Protein chains: 2
Amino acid sequence: MLRMDFNFAEIDAILNARSIAIVGASGKPGKFGNAFVLTQIAMGFEGPMYLVNPGETEILGRKTYPDLRSLPGVPDLVYITIPAHLSLEILRDCGRLGVKGVIIIAAGFREIGPEGESLEREALRLAREGGFRIIGPNCFGIYNPRNRLTLLPGHDLSTTPGDTAFISQSGGFSVHLARLAKSLGIHFSAVVSYGNATDIGESDLLRYFGQDPQTRFIAGYLEGTRNGRSLLEALREAARRKPVILWKVGRSEASRRAVCSHTGSLAGSSEIWSAALAQTGVIPASGIDEILDVLLALKHLGRRPGKRLLLVGGGGGLGAYGADLAGQEGLEIPLLGADTDTRLREILKRAGAVVANPLDIGTPLIPLPMFDAAIREAARNPSSDILVFDLALNFGRNMVGEEGLNQATDTLILARKESGKPVAAVLYSRACDPEDMKTEQALRRMRHRLLEQGVAVFPSMARAIRAIALANR
Amino acid sequence: MLRMDFNFAEIDAILNARSIAIVGASGKPGKFGNAFVLTQIAMGFEGPMYLVNPGETEILGRKTYPDLRSLPGVPDLVYITIPAHLSLEILRDCGRLGVKGVIIIAAGFREIGPEGESLEREALRLAREGGFRIIGPNCFGIYNPRNRLTLLPGHDLSTTPGDTAFISQSGGFSVHLARLAKSLGIHFSAVVSYGNATDIGESDLLRYFGQDPQTRFIAGYLEGTRNGRSLLEALREAARRKPVILWKVGRSEASRRAVCSHTGSLAGSSEIWSAALAQTGVIPASGIDEILDVLLALKHLGRRPGKRLLLVGGGGGLGAYGADLAGQEGLEIPLLGADTDTRLREILKRAGAVVANPLDIGTPLIPLPMFDAAIREAARNPSSDILVFDLALNFGRNMVGEEGLNQATDTLILARKESGKPVAAVLYSRACDPEDMKTEQALRRMRHRLLEQGVAVFPSMARAIRAIALANR
């Protein structure tokens with residue numbers, strides 16, 4: 001009865017709000033309303049930001065208003081950071097003023113039981129009556145680098161706009177993913193933490209980002225839905241236009257219990273979900289790390305990049321391991337053929353290196369000119385679609401120095417250009433001595449350079465292979 | 001015909017050699033014989049180390065001998081670092097002199113085909129004839145912190161003796177694991193890279209470490225065996241005495257190919273292997289990371305620590321995720337009961353935190369005194385065997401400062417002491433900005449303190465849950 005038809009412009013207006021009001025703004029450290037104001041200021045939201053608190057006239061040196069009716073203008077978007085039971089009065093004001101959207105941050109709605117549920121129902125009724133839309137309640141808000149709105153603990157997110165959208169029922173995960181993505185060079189069109197999804201929910205957001213020309217990739221974290229049919233349609237529709245990665249939790253009884261307490265969602269049977277999702281064309285993922293891995297794979301390797309891998313590693317064990325993982329995920333390690341084998345054998349005149357696919361370049365690292373020649377020769381071979389390098393053993397410690405790391409990086413970048421094939425690299429130091437940070441820093445610089453040059457970087461062979469398999473779904 | 005019965009003292013004499021000779025020692029950078037000498041010097045081997053090279057009289061300022069017969073004493077152990085085809089002559093000398101053991105580093109034997117195979121057969125015959133034992137060929141040697149022998153690129157391995165043995169057909173993995181283990185506080189009784197296993201192989205080493213009183217845990221990386229029955233017996237025998245973790249590769253066709261080129265092993269059918277290994281009581285693992293995770297779990301949580309987890313995380317999504325993973329691995333997340341729920345609700349008077357198991361302590365982090373009280377209250381509850389904390393979202397950035405990290409660490413350590421239950425923590429920053437190393441360093445310090453105090457630390461919830469499940473096998 002209260003369902004609204006999907007409307008692109010309504011969601012667009014909220015995400016691209018040019019003026020906001022924060023109800024419950026506070027100068028007191030420890031309050032949500034304080035953290036939220038500080039976060040938005042630090043992020044540098046560019047439009048008017050009205051602070052509302054009936055008990056204050058000035059917060060953090062800014063004029064503060066007793067209520068929404070006293071504002072000098074009508075904000076596009078109102079944030080409600082006060083406790084749940086006080087929010088209905090604010091929603092009535094929103095309706096009277098004609099705001100476009102409201103984001104309710106507070107928890108204490110549907111997820112706490114019948115009392116919260118009726119509060120949430122009333123909030124939705126007021127939104128319909130007042131002609132505005134709600135994101136939340138029980139959420140961390142939205143992040144849009146273009147107008148510099150940000151999630152609750154998101155003062156340090158990137159200000160660079162990008163091509164990835166992430167929608168999440170969990171506020172914690174929305175911030176976590178956006179933060180990790182920043183140093184991996186993944187930038188966002190928007191991130192939406194939508195919590196209990198009382199009004200704008202997963203289906204609306206999928207439709208929105210499916211149509212949004214700025215969004216090339218969509219990822220989502222889902223606990224449950226109140227309209228399975230609509231969700232599956234939205235997923236199918238979005239996945240026809242662009243890659244959609246979906247992480248659905250609630251596979252165990254304890255997990256369904258957690259989901260219900262978290263966002264008041266019914267997780268549903270995991271078998272039914274898996275079967276239904278398989279029909280939609282979405283890429284199934286599990287965990288924030290896996291979503292990031294798949295985003296890197298899609299960005300740098302492409303959608304369905306091919307299943308034939310050239311696997312290069314330092315040490316024969318690594319090749320055996322990589323081939324095990326590839327086999328498990330339905331990927332292939334084709335033979336290179338006699339000609340390439342001969343040329344490689346000439347380059348790698350050294351027992352211990354194994355000329356084949358997987359190609360063992362030895363460990364500790366062979367001389368860099370030999371490394372360079374072997375990699376470029378093997379990359380030229382037409383049998384493979386993707387080049388996968390596991391350099392974890394070679395560069396796990398400062399065995400070649402930063403200059404050596406730079407040269408090896410140049411080789412991978414050149415092999416990519418010359419062969420025209422996408423390249424994935426495994427670069428990882430789990431060594432965690434707190435007093436030796438130099439190796440870690442050198443590896444991060446190498447990772448950074450590789451990512452900038454279009455090479456996908458993963459922290460383990462297992463994650464690289466899994467991401468490539470998922471990008472091929 | 002050439003098989004030898006297992007003899008503890010023979011292997012013991014090699015691992016605890018008090019004098020060594022290095023045939024092929026060299027002063028020329030880039031040569032194996034050079035790297036090997038430098039590595040042993042850096043590690044500080046304490047007994048006589050004789051350098052042998054017919055072309056030199058002095059290497060790195062040390063007197064050098066033309067051959068083994070010219071040495072002033074008979075070394076316990078001879079390393080052969082010269083190419084394969086030159087090694088037989090040296091082995092004849094070893095037999096004449098009466099050395100106890102030989103380690104052949106060079107590749108170029110069985111793994112390269114018929115010619116190498118006959119070379120290897122002849123080497124074994126000479127060993128039997130000369131009354132000494134061989135490790136290798138095609139290996140990186142041995143690491144023993146007690147006499148300070150070390151693997152080929154292992155100058156920086158720990159000099160602290162420990163209770164873990166690792167045997168590996170891959171030299172690269174043997175060094176990789178030993179190096180990563182160092183900063184995780186895992187120390188070794190010995191690591192043996194045994195390569196082609198022409199003489200001393202996996203079964204002998206399993207029997208040896210099974211009986212070795214200094215070894216409490218055994219881990220192994222295996223490509224194949226030439227005597228399956230003997231291996232299965234050795235595994236059963238060792239696993240009856242102490243935990244044995246085994247990683248067996250060769251599950252795909254490409255992997256079996258890699259294994260054959262690497263150590264000349266036949267990997268065999270993976271179905272037969274899985275079925276056979278399941279009967280031996282060993283813990284199956286896959287990957288160096290997983291072996292390390294299981295070692296940490298065994299060390300800090302114990303063997304078969306129980307399947308009932310109290311799962312504490314920042315953010316409701318994390319609880320749902322953890323519960324999904326636990327369900328998948330056959331672990332339980334029991335309810336806490338009304339009394340604990342009530343007391344937790346009093347402590348966590350704050351919407352957004354969810355009082356249950358999984359316990360959501362909110363994100364960003366709740367005030368530390370509240371965190372402390374809630375954790376200790378929940379830990380006391382008798383329903384769980386193990387406490388699992390995922391603090392990845394809370395401490396992913398410097399949100400609480402180093403002082404806050406220290407206080408949170410104190411809480412976990414105290415909860416462990418008060419409850420008498422083992423504790424696992426997930427601590428992980430994948431943020432990889434090369435110019436921000438402070439967060440990483442603070443996290444490493446926290447990890448270090450937790451490990452020192454007997455808390456197992458894992459880099460992701462998925463790996464923590466998997467390791468706990470494997471420790472319960």
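Mentor: A residue is called buried if 20 or more other C-beta atoms lie within 10 Å of its own. Keep that cut-off in mind for what follows, and keep in mind that the model is predicted.

The part to look at is helix α6 of chain A, residues 202-211. This helix is mostly covered, with nine of its 10 residues buried. The buried ones are Glu202(A), Ser203(A), Asp204(A), Leu205(A), Leu206(A), Arg207(A), Tyr208(A), Phe209(A) and Gly210(A). The cover over these residues of α6(A) includes both helices and strands of chain A. Among the helices are α1 (8-15) and α7 (228-241). The strands include β9 (161-168), β10 (188-193) and β11 (217-222).

Now step back to the whole chain. Chain A contains 16 helices and 18 strands. Its radius of gyration is 25 Å, close to the 23 Å that the globule rule gives for 473 residues, so chain A is as compact as a globular protein of that length. Along the principal axes, the C-alpha atoms of chain A fill a box of roughly 80 × 50 × 40 Å. Of the 473 residues in chain A, 58% count as buried. Among contacts in chain A with a separation of 6 or more, 76% join residues 24 or more positions apart.

Helix α11 (residues 316-328) of chain A packs against helix α16 (residues 461-471) of chain A at an angle of about 30 degrees, and their axes are 9 Å apart. That angle makes α11(A) roughly parallel to α16(A). The crossing of α11(A) past α16(A) is right-handed. On the α11(A) side, the contact is made by Tyr321(A), Gly322(A), Leu325(A) and Ala326(A). On the α16(A) side, Met461(A), Ala462(A) and Ile465(A) make it. By class, this contact has six nonpolar residues, one polar residue and no charged residues.

Key
Residues numbered from 1 in each chain as written. Chains lettered and ligands numbered in written order. Predicted model: local features only at pLDDT ≥ 70, side-chain atom pairs only at ≥ 80, totals over all residues. Axes fitted to C-alpha atoms, helices over the stretch in contact; angles between N-to-C directions. Helix = DSSP H or I, 4+ residues; strand = E, 2+ residues; numbered from the N terminus. Parallel < 35°, antiparallel > 145°, perpendicular 65-115°, else oblique. Left-handed = near helix turned anticlockwise from the far one by under 90°. Contact = placed C-beta atoms within 7 Å. Nonpolar A, V, L, I, M, F, W, Y, C, P; charged D, E, K, R; others polar. Buried ≥ 20, exposed ≤ 12 C-beta atoms within 10 Å, placed from the backbone. Rg over C-alpha atoms; globule rule 2.2 N^0.38 Å.
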